Amino acid sequence: MTTEALPKLYHARPFRPFVLRLKDGRRLRVARAERLAYDLEDGWAAVFVGDALERVKLADVVKIEVPNGRSRRRHGV
């Protein structure tokens with residue numbers, strides 16, 4: 001569940017970047033803990049994406065993806 005996973009990912013040391021996938025198909029990458037704020041009681045999160053602040057309802061987060069750190073290469077590249 002998002003409300004349980006978000007604090008664990010936020011406070012993990014070392015911090016690992018993750019992606020919030022939203023109902024509308026958007027993906028918000030959280031590159032560093034300092035780029036995220038959230039309030040579980042009010043049910044929202046805010047992510048700095050570049051210079052913009054994206055505020056979303058936690059209910060709109062359908063999945064949190066944590067990349068495994070391995071790079072994927074396409075054949076022939």
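I call a residue buried under 20% relative accessible area, exposed over 50% and partly exposed in between, with a 1.4 Å probe and protein chains only. By that rule R21 is partly exposed, because its relative accessibility is 32%.

**Basis.** I am working from a predicted model, in which local features need pLDDT of at least 70, side-chain atom pairs count only at pLDDT 80 or more, and totals for chains, interfaces and linings use all residues. Residues are numbered from 1 along each chain as its sequence is written, and side-chain values use heavy atoms, with hydrogens and water left out.

**Salt bridges.** I counted a side-chain nitrogen of Lys or Arg within 4 Å of a carboxyl oxygen of Asp or Glu as a salt bridge. The count came to 6 salt bridges. I then looked up R21, which forms a salt bridge with E65 at 3.1 Å, N to O. Because R21 lies in strand β1 (residues 18-22) and E65 in strand β6 (residues 61-65), the pair ties together parts that are 44 residues apart in sequence. I took strands (E, at least two residues) and helices (H or I, at least four) as DSSP runs, numbered from the N terminus. E65 counts as buried, at 19% relative accessibility.

Which other residue does E65 form a salt bridge with? It is R27, with the closest N and O atoms 3.1 Å apart. E65 is in strand β6 and R27 in strand β2, so this pair joins parts 38 residues apart in sequence. I noted R21, R27 and E65 as a network of salt bridges.

I also looked up R26 and E54, whose side chains meet in a salt bridge of 2.8 Å, N to O. R26 is partly exposed at 34% relative accessible area, and E54 is partly exposed at 26%.

**Aromatic rings.** I paired rings of Phe, Tyr and Trp (its six-membered ring) if their centres lie within 6.5 Å; planes under 30 degrees apart are stacked, over 60 edge-to-face, and the rest tilted. I found 2 aromatic pairs. Y10 and Y38 have ring centres 5.4 Å apart and planes at 80°, so I logged the pair as edge-to-face. Y10 sits in helix α1 (residues 2-11) and Y38 in strand β3 (residues 36-39), 28 residues apart. Both are partly exposed, Y10 at 23% relative accessibility and Y38 at 22%.

F15 and F18 make a tilted pair, 5.9 Å centre to centre with 55° between the planes. F18 is buried, at 1% relative accessible area.
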